[in-house]
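The sequence and the model are shown first, and the main points follow by topic.

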Amino acid sequence: MPEHIRTKVLVIGGGPGGYVAAIRCGQLGLETTLVEADRLGGTCLIRGCIPSKAMIHVAGHFETMTKAAAKGGKHGISLSAPPKVDFAETVKWKETVVDKLNGGVTALLKRAKVRVIAGWAKFQDGKTCSVETPEGAVTITGEHVILATGSLPVELPFLKFGGNVVSSTEALTLAEVPKKLVVVGAGYIGLELGIAFRKLGSEVTVVEALDRILPLYDAQLTAPVAKWLEKNGVTVHLGAKAKGLSKDGNALVVETKDGKSAEFPAGKILVTVGRKPNTEGWGLENMAVDMDGRFVKVDDRCRTSMRDVWAIGDLVGEPMLEHKAATQGEMVAEIIAGRKHRFHPASIPAVCFTEPEIVSAGLLPQDVSNETQEVITAVFPFSANGRALSMEAGDDGGFVRILAAKADHRILGIQAVGAHVSELSGEFSHALEMGALLEDVAGTIHVHPTLGEAYHEAALRALGHAIHI
Amino acid sequence: MGIYQFKLPDVGEGTAEAEIVAWHVKVGDVVAEDQNLVDVMTDKATVEMTAPVSGKVVSLHGEPGDMAPVGSVIVEFEVEGAGNAKPGAAPVAATPAEQTKKTPPEAPLVASRAPLPDGAAGKEVESKPATKPAPAPARHMTNTAPAFATRDAGTKPLASPAVRQRADELGIKLQFVPGTGPAGRISHADLDAYIATGGGGVSSAKSSAYAPRDGVEDVKVIGLRRRIAEKMQESKRRIPHYAYVDEVDMTELEALRAHLNATKKADQPKLNVLPFLMRALVRVLPAYPQINAHFDDDAGVVHRYSAVHIGIATQTANGLIVPVVKHAEARDVWDSALEVARVAGAARDNKASKDELTGSTITITSLGVLGGLVTTPVINHPEVAIIGPNAILERPVVRDGQIVVRKMMNLSSSFDHRVVDGYDAAEFIQRVKAMLEHPATLFMD
């Protein structure tokens, strides 16, 4: 007879949605059990955001040293020999970062008195799942169930993962830097990793079926990234369709924009054509919850169609971002504890850790039609920002852009592209959440010299009186 | 340039005052002759007042809900030529809005008229404060609403996360909260103000089913609702009601009705129970003249009527209205059905004339498909009786020692005990019942 755990809250998935929900439940005094088959931390901590950022950091170092080793050096620094990378060591270092965070999550859950069950949950009905754990089978019934199973990389049927065809997960644990890397899909994951490997010395080719890179953003915003790719010898084939592996398995067969067939030799083929909600293999079909396309259908309180069954994060829709999942997890915990809450953020900001970085909060120019609302758009380039120039971030074409309503100056959207701009995302979203007007940003003193001054100047420019341009 | 004063005309026979329901113009508007100015309500009819002249509106007197005496100035126009206001003359019969200087129409009045070059008009302004205001009615408490940017349906309300969270906790939809900040941003203070004015407690239907709710919504009882309230109050205060209920076996009448509806001509209306009940009333009432009557209790006289004018209580979007089918005794069931449909339709469309809304001698009140088991209707004063048919239901009844299923209907009624004795009322209802149970007798002499 397997052990039967009855708990107030049963959380399925230990990613940033699930573990945040569980910690908050624990803080609120709710008896909580969390089931995770893999390590705690989910895609983000274990095989996504964090490890890729570690990799990007290393790649940046390597690139700087490579430049210093080139003839004439860089900024007066020169190296007598080009740097070498022992990628296995890089991966090991990255793992220490991951381990630290994984350990942190484990400790936080423990402190919040959350019971963690290691194993794969399989639901029998809406509230009960069975889990095979190393210690034996357990059955868990939750008064409330929070589904936070996340998402998985999408596999192309004609280019299945395995061998030289890898997903982002494997790309972060490669034994060595591939000489030739072909990236299928020019979304943010493909470009972040493709750029990192380029900096580490790979020859990188990008194949994208659509006619532009980072198709979620507008051409103005992505132009600096396109420029970097070009300047650094990354070949980008737009409007090209991956067809499959060549016969010998060492090249990708592609149908190019003009309909011709081409083969791109590749040591590794990184397929990053999107992610799909993880809806299979854990008994979702036995829970009788309604679906919304491929996602689990929820309302603005993350309630599914089944009473007291909640779903959060990548499982419930785009954007598939850590901070959305975590916010929803926190919210659901509070609702279960009796507080009233709704998920209605002014913006879910997003960042691409490409070269240069892109950050976007709120509306993009294509989101607002001038017929319904007149909009002021103002851009301030980092080439006119002292701090950017002082750290070589002024000549990559980067800028801050603000969109505001012409009628009342309320800020509708803020974007930036440039080195290190990811750290501006908080300020951008904060302005949107607080309902800031252009005058609010213009009236906020920004430290000199910082990149944030460009944001201040963009607001001034929208008001017609920028100082430094 | 002169001032033209528009006085509230006598809008109904013998009405001393009318209620202002809605203004269609505001101070500063330039109106053309015959343009709609204001809706006023008398008795149960709403009358549209049109502009007698072309000109610029310089003042409005009275707010929706105020009673304006007939003959009082309700609008003043600045017109070409001399106008009709005598220099120095005090406006006739001050209206309630005048003494509260805070009311919006008043402030622009002075401002817009002060710079007038015309000396005569200027004098009138000076004379204005001399007029003696009537006492302010207690209900006249509307404060000026806080100024805020209006928000279109599609526009997201602007508020910080803390304000949004608090609104969520309170179950308040920010879409409806006026924001006084820049670009209509909603602050904590705005939320407080909204709650203070009773806006709170609009808890989402989707929130916890057991969540406690707070907040009070104050609804001004004006217009038709006030008419209804006054009328009902008057009725219940004056008339000692008693209710009487009996059950009627409608099986045969229902069979006849079904037959008639199945075989009717295309131009004939579909019949419900009402025309048959009306028929029964007009057949029985001549024997009970004290029931088809008005009791003028002030004069101590009962007016007994030969004609049977039947009021038909009608639910409209705005509330209860009682249009009247005149001379029901002269109408067959088809004609009665047509006339009921016509006057009830006019009432619902707010197009009923005063004539169609007055003069009933007895009233029928039916809840239609809702039916109910029993009602205790309120008599339509100064009438003395009201009849309320209830739902027709198949019920087991005993006939000749057998339990059989019959279509049964309760017939509720109320009478004025001052002038209708209980015995007479019971007898009257018994005879109505007999007619309905033997529908052929409705049509036999």
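Of the 469 residues in chain A, 47% are buried. The model described here is predicted.

**Chain A overall**
- Chain A contains twelve helices and 24 strands.
- Among its contacts with a separation of 6 or more, 64% are between residues 24 or more positions apart.

**Nonpolar cores**
- In soluble globular proteins, nonpolar side chains tend to be buried together.
- The largest nonpolar core has 148 residues, of which A:A21, A:I146, A:L147, A:I312, A:V332, A:I402 and A:I411 touch the most other members.
- Leaving aside residues up to four places away in sequence, A:V332 touches A:A21, A:I146, A:C302, A:W310 and A:I312.
- Another core, of 51 residues, lies apart from the largest one, and its members include B:L253, B:F276, B:L277 and B:L436.

**A sheet in chain B**
- An open sheet in chain B is built from four strands in the order β1-β8-β6-β3, with antiparallel pairing.
- Its edge strands, β1 (2-7) and β3 (30-31) of chain B, each pair on one side only.
- Strand β3(B) runs antiparallel to β6 (residues 55-60) of chain B, and two bridges join them.
- B:V30 has B:K56, in β6(B), as its bridge partner.

**Contacts between the chains**
- Chain B places 14 residues in contact with 13 residues of chain A.
- On the side of chain B that touches chain A, six residues are nonpolar, three are polar and five are charged.

How values were computed: Residues numbered from 1 in each chain as written. Chains lettered and ligands numbered in written order. Predicted model: local features only at pLDDT ≥ 70, side-chain atom pairs only at ≥ 80, totals over all residues. Pairing = 2+ DSSP bridges. Buried ≥ 20, exposed ≤ 12 C-beta atoms within 10 Å, placed from the backbone. Contact = placed C-beta atoms within 7 Å. Nonpolar A, V, L, I, M, F, W, Y, C, P; charged D, E, K, R; others polar. Core = buried A, V, L, I, M, F, W, Y, C linked by C-beta atoms within 7 Å.
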